[in-house]
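Thanks for making the time, everyone.

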Amino acid sequence: NVPQLIWLSRHKIELFAFATFMLSVAGYLQWRARHAPCPADAALAKACTRQRRVSFYIYLFSLGMYALGALFAFILPWVAS
C-alpha cells in the first residue's frame with residue numbers, strides 16, 4: 001500500500017548521507033548563532049531567547065530520530081544476521 005517504503009529502503013545509504021549533511025549544517029548554524037544579539041526590546045529579547053531554546057530542543061529531537069533510524073536501518077539488521 002505504500003510503495004515509497006521500498007524506494008526508501010533501497011536508497012537508505014543516500015538518504016542517511018543527505019540527512020547527515022543536513023543535520024551537520026543545521027548544527028553548525030545553531031552553534032554559530034548561539035551568541036547572536038537579540039533585540040533590545042525586552043519582549044522581543046525574551047521571544048528571541050525562547051525561540052533559540054525551542055530550536056535547540058527541536059534539533060536534539062531530530063538527532064534522536066536520526067539515531068533511532070540509523071539503529072533500525074543499519075545496526076539491528078547487522079546484529080540480527
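Predicted model: local features only at pLDDT ≥ 70, side-chain atom pairs only at ≥ 80, totals over all residues.

Let me begin with a question: is the disulfide of Cys-38 and Cys-48 left-handed or right-handed? The torsion about its S-S bond is about -65°, so the disulfide is left-handed. Residues are numbered from 1 along each chain as its sequence is written, and side-chain values use heavy atoms, with hydrogens and water left out.

Taking a disulfide as a pair of cysteine sulfur atoms within 2.5 Å, the count comes to 1 disulfide, and in the bond between Cys-38 and Cys-48 the S to S distance is 2.1 Å. The pair links distant parts of the chain, 10 residues apart, with Cys-38 in the loop between helix 2 and helix 3 and Cys-48 in helix 3; helices here are DSSP runs of H or I with at least four residues, numbered from the N terminus. Cys-48 is buried at 19% relative accessible area, whereas Cys-38, at 28%, counts as partly exposed, where buried means under 20%, exposed over 50% and partly exposed in between, with a 1.4 Å probe and protein chains only.

Turning to helix 2, its buried residues are Phe-16, Leu-23 and Gly-27. Seen down the helix axis, they fall within an arc of 40° (taken from the directions from the axis to the C-beta atoms), so they line one face of helix 2. On the other side of helix 2, Phe-18, Phe-21 and Arg-32 are exposed.

Technical notes:
Helix = DSSP H or I, 4+ residues; strand = E, 2+ residues; numbered from the N terminus.
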